[in-house]
Amino acid sequence: MLKKGNKLYSILTGSCPKCHEESMYEDKNPYHLGKIFDMHERCSHCGTKYKIEPSFFYGAMYVSYAVGIAFAVAAFVISFLFVGANLVNTFIAIVCTMIVFMPLIIRLSRNIWINFFIGYDPNAVAEHHKKVTENTSA
């Protein structure tokens with residue numbers, strides 16, 4: 001299920017959407033809050049440019065809304081239906097869940113957004129190395 005070539009692999013690992021060889025982020029840990037948005041300019045394996053255009057990741061805000069709602073609904077279901085908490089405690093559980101998981105939600109939404117536009121190419125690394133070799137020999 002989670003192997004290279006699958007969009008879910010790229011989304012959950014934060015790897016390059018084209019070759020799945022390296023992380024798009026300079027720091028893989030989303031909880032290092034000072035570096036949460038720091039991304040490599042390009043993939044060192046296939047040369048894919050991550051920031052396709054200026055303000056490209058603004059679209060990820062819409063995705064983060066949907067992902068945040070999913071986390072909030074999950075917190076509600078777990079606290080209210082399974083644990084049996086009252087509404088006030090359920091609300092507190094939802095707020096705490098959103099605060100704790102916000103860095104993860106931000107990264108997931110960026111990963112989902114870029115995977116809408118860039119697909120996996122198993123030959124991307126070989127093609128990139130071929131182009132680099134041609135450019136250096138010319």
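Me: In what order do the elements of the chain run from the N terminus on?

Reply: In this predicted model, the order is α-α-α-α. The chain holds four helices and zero strands.

Me: How do you know how the radius of gyration of the chain stands against that of a compact globule of 138 residues?

Reply: The chain has a radius of gyration of 19 Å, whereas a compact globule of 138 residues would have one near 14 Å. The C-alpha trace spans about 70 × 30 × 20 Å along its principal axes.

Me: Which residues of helix 2 are called buried, and what do the buried residues pack against?

Reply: Buried means under 20% relative accessible area. In helix 2 this holds for Ala 60, Val 63, Val 67, Gly 68, Phe 71, Ala 72, Ala 75 and Ser 79. The buried residues of helix 2 pack against helix 3 (87-117). An α-helix has 3.6 residues a turn, so residues three or four places apart point the same way.

Me: What share of the 138 residues of the chain counts as buried?

Reply: By that cut-off of under 20%, 36% of the 138 residues count as buried. The accessible surface of the chain is about 8700 Å², and 65% of this belongs to carbon and sulfur atoms.

Notes:
Residues are numbered from 1 along each chain as its sequence is written. This is a predicted model: local features need pLDDT of at least 70, side-chain atom pairs count only at pLDDT 80 or more; totals for chains, interfaces and linings use all residues. Side-chain values use heavy atoms; hydrogens and water are left out. Helices (H or I, at least four residues) and strands (E, at least two) are DSSP runs, numbered from the N terminus. The radius of gyration is taken over C-alpha atoms; the globule rule is 2.2 Å times the number of residues to the power 0.38. Buried means under 20% relative accessible area, exposed over 50%, partly exposed in between (1.4 Å probe, protein chains only). Accessible areas come from the Shrake-Rupley method with a 1.4 Å probe; for residues, only the protein chains shown count as cover. Contact means heavy atoms within 4.5 Å.
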